[in-house]
Amino acid sequence: MVEAHSINAEHKDLIHDVAFDYYGERMATCSTDQFVKVWDQDEQGNWNLTASWKAHSGSVWKVTWAHPEFGQVIATCSFDRTAAIWEEIMGESNENGTLLRHWVRRANLVDSRTSVTDVKFGPKSFGLILATCSADGVMRIYEAPDAMNLAQWPLQHEVSLKVPSSCLTWNPLLSNFRTPNAMIAVGSDDNSNTSNSKVFICEYNEVSRRWAKTESVASVAHPVHDMIFAPNMGRSFYLLAIATNNVRILKLKPILNYNFLHSDATSGFPYTIETAAQFNDHFCTVWRVAWNITGTVLASSGDDGCVRLWKSTVDAWKCVGVLKRDGKLPQPQSKKTQSTAQNNLTRFFKLGQITHPSEVHWH
Amino acid sequence: MSKTIVYDTLSIPDPSFIDDEVRMFGSWFGMSNICIFPTKMSGPFNNQNSSGDDKTERNIIHLKHKTMLFDPKVRQLVNESSGVFQELQTNVDDPTKATDALYYSRKYRAILSTCILAIDRNNLDKSNETYNQYKMLLHNLQLIWHLCEVLYLVTVPGDTILNNLLDWIKIHYENAENQASVITENKIVYLTDEHVEEKFTFYWDTVIGLVLQGNIDTARMLLSNHSQSDTEPFIHAIKIFKSMPTYSIYGGLPIAEYTSRFKGWQSSAKSKLECGIFLSDSNLNDVMKIICGDPDSTSLIRSHCSTWFQFLVAQLIYTDPTVKKHSLSLYAHRSVAKYYEESEYNHMDTLALDLFDGDLEGFVKKLKSYPDSGWSSTHLTNLLHLCDKIEPEFEMSEVVENTNPNEQYLLDYGTFLMTHHSLWQAGVTYLDYCSAVGKEHLSMLLSKLEITSDLRVSKILHYATARRLHNVVSSVCKVKGMLSLQKSRIGEALCWAIRGQDSAFATHLGDLYLKEYVKGGSFACPDILDNLGSIVVTCDRFMFIGKYIQFLKLAMGNKLNEAALLYIELLRSNICPNYFRLTLLMDVLMFIENSNECYFNIADMSLITMRLDDAITEWNEDNESDNQYLLSKVFNIRQGIVKLVSISLIRKKMTV
């Protein structure tokens, strides 16, 4: 049984991204209307809009939350060629006793000369670190040297990939593997040719203290729209999900006995890359991929209007569920819960019960 | 043979999707929820002409997976079984205790029964469809679990399994017995001379039902209640019923002897049947046909059985009462073939068939897809694994290496429970038995639990500490501390820093305290600062704050001699942060202004002047500071020091 809960986003134009905080209790949305909105869940499970502000002077493509150990911080990137870092500030309480919250821009990252297409915070073990990529194919790393001071975000590194970049993802890194280098995968949606690689792996080299492109994945040649590394959970390899002309899952396995001390930017790549799975079920372009909390179920969103769920089973990856859009209005059941909603943005509807043993397995 | 359903499709109805151009994007959030939002992909670089004020509805949809186990009435199943699970695991590790698989199997089944009863109590009129469904699911589960127990965990001498199978069938199909008691307990029939078989339309169904469960005594009782019970056919029938030999393992009758007696009894019944003694009552004749094992009765038996395995057992009573366990597989396949015209088995049918077939591994695999979120497959697989009924290496998941399947089940089930806001503690129990990977999952899932209530935070910290997951402890404390800091509750933040032993965070908070002191001349939250505990050892800033407060107290209590010693110690150790240097140096004035006493020796005073010079040089380099007040005091300090030097010199001279 699935319970659905619908929230009117109140954006005046297309929504481009919805991001949740570490616990899934706060939601940030961004849109072509140049606004960013933050929603909070109350004790009853209703989502309330708690902040809405014009964040950029162009479409806001992505929004992402920092780990809450660094406070309540989000980053946004936009068509206006900037990325921004925002922190939530609590002011004095008003007469009702509730604290007033608002978001202030802590930094404006203006190094890109073209649209900034993606922004992601790095794993928390690296401190407060941020990667952006832009339409002119430059991946940039910013870092707050003092995590308690969000005003300072010097640009640390630039890696030019020379093809329009559309998305990036940090490798969550293995905990049981000897000190691997920080790694980012960058994807390109360049559709001028379909022979060159569209996925690049960049790594930080401890010796040269630089980020550099260390690998291009030859097997992915169609435009890439989204990528994400799976949470590691003690595995001895990395899983990278890619949204391209199909859903692709790459497996990066560390080459044992690879000598890290002698590896520099030119001497090769200490991983083997193989395709773990490939699904053409969307029959067309795939736009988004997302891993669940343990990296066992992948959700892919395609041009066919479906979200498909893929789970790894004993010998293969299998589809375990499909969510299909339906333009019809929700069933009248939604009336029941209207009484409780002081904000009429919320409604519940049951999407039908699953009685058969093949009940949707999300877990 | 079985239908394979690959997946389910869920329609998401929403006005946002009226436009065909609109795409649906999905992502995960929280523990296991899915968020869906509508968007369009018209190439990211050319949709800048924002139309501004369009009225299109854009809804974000959150999907939450609700399963049976999360229902408040079913939760006791989860909690109690986790207790039994833990007891079982500890017993296995303890060589002094015998692991009695049967005992634990029955315990699990007892929990199932209690849960079914609880659901019944809350759904007396059976109007709640969800509860009816849950009851059905749990009931079937109990049935299949019981069968597994009968076939694999109970040891039967001589392997004559029929009596156990009958017990199994009787418990789960109680309809005939219930109806029988309705009929026999109805006294009005006796008093009014009514015909019992006419008053109760289900009379003959009940008799057949009882006969098919081997419940001959009750069936005989019903027959003697029949209005015609004093006629010849009934007298004969009752006699046959009475003389049916029963087999009991401990009855002392060898199998061969029993078999010959049974055959003798059946052939005498058959001869009576063939003479047409029972023909006067067609129902009675049918019953006798069943008893004689007449092949013609198969379709009658079939119509009285709701499942093929009920059919199988019913047939065995009168055809092969001493059936051995190993020949069950053959009979099972025959029964399935006879019971179903086409192969239209449901999940339960295949599960039962696997059990009769002796294919435990296939059974366990299929049980995994039973819609109880892995409850049964986890516990039953674990139990079968611990009593060596299944080998652990029969399946290997590719994604999580180095785990056996039993562990994989525990991992899946534990992770699943951890995603629920109130069942997560039960989930921890299962992940605890999943070696290294389990620890990885635990540390991830524990730190992802919402930390809204303080009670829950202490629970999380307790679990994490007990498992030496220090990264979880420090992460949770840091997050809580940052949230406090956001609300400007520095004292609260400090408590979290102390709890998480986070010296970097504590240093930051210490700076806030000291800067506050520089501005205002007093410390906030004195009670916390008085009880700093071990943070003073791990964090330099608080070592300084602790000492400095001690110094202030001594000075306040006019113990200037001791205060002076501490003061010099503070200056010498140089742990004072830069921005606090001048403030610290200002304190020298309290030794100077009030008295003519001298608390410092020459070396001390040269240290003070040295630190003062350092501080001023630093001050000049860093011109941003605007605290002119402190700078103006520098002259006072120098003057005071000169005075002190002179006093001490005079003293020295006098003592010499």
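In strand β25 of chain A, residue A:Gly321 stands opposite A:Leu309. The two strands here are β24 (residues 306-312) and β25 (residues 317-326) of chain A, which run antiparallel and are joined by seven bridges. Strands, like helices, are DSSP runs numbered from the N terminus (E, at least two residues, for strands; H or I, at least four, for helices), and two strands pair if DSSP finds at least two bridges between them. What you are looking at is a predicted model, in which local features need pLDDT of at least 70, side-chain atom pairs count only at pLDDT 80 or more, and totals for chains, interfaces and linings use all residues. Residues are numbered from 1 along each chain as its sequence is written, chains are lettered from A and ligands numbered from 1 in the order in which they are written, and side-chain values use heavy atoms, with hydrogens and water left out.

Now step back to the sheet around that pair. It is an open sheet of five strands with mixed pairing, in the order β22(A)-β23(A)-β24(A)-β25(A)-β1(B). At its edges stand β22 (286-291) of chain A and β1 (8-13) of chain B; each has a single partner strand, so one side of each is left without a neighbour in the sheet. On average, neighbouring strands of this sheet are turned by 20° against each other, direction ignored. Such angles come from axes, which are lines fitted to C-alpha atoms (for helices over the stretch in contact), and run from 0 to 180 degrees between N-to-C directions.

Chain A also holds an open sheet of four strands, β10-β11-β12-β13, with antiparallel pairing. Its edge strands, β10 (116-121) and β13 (155-160) of chain A, each pair on one side only. From one strand to the next the twist averages 15°. Strand β10(A) runs antiparallel to β11 (residues 129-134) of chain A, and five bridges join them. Among these strands, A:Phe121 has A:Leu130 in β11(A) as its bridge partner.

Residues 8-40 of chain A are 0% helix and 58% strand, with end C-alpha atoms 14 Å apart. Residues 279-311 of chain A are 0% helix and 58% strand, and their end C-alpha atoms lie 12 Å apart.

Let us turn to helices in chain B. Two packed helices are described by the angle between their axes and the distance between the axes. The axes of α3 (residues 129-153) and α16 (residues 347-357) of chain B come within 10 Å and cross at roughly 5°. That makes α3(B) roughly parallel to α16(B) (angles under 35 degrees count as roughly parallel, over 145 as roughly antiparallel, 65 to 115 as roughly perpendicular and the rest as oblique). By class, their contact has 11 nonpolar, one polar and one charged residues. Contact means heavy atoms within 4.5 Å; Ala, Val, Leu, Ile, Met, Phe, Trp, Tyr, Cys and Pro count as nonpolar, Asp, Glu, Lys and Arg as charged, and the others, Gly among them, as polar.

Another pair in chain B is α24 (residues 490-499) and α25 (residues 503-520), whose axes come within 9 Å and cross at roughly 155°. That makes α24(B) roughly antiparallel to α25(B). On the α24(B) side, the contact includes B:Ile490 and B:Leu494, while α25(B) brings residues including B:Phe505 and B:Tyr513. By class, this contact of α24(B) with α25(B) has nine nonpolar, one polar and no charged residues.
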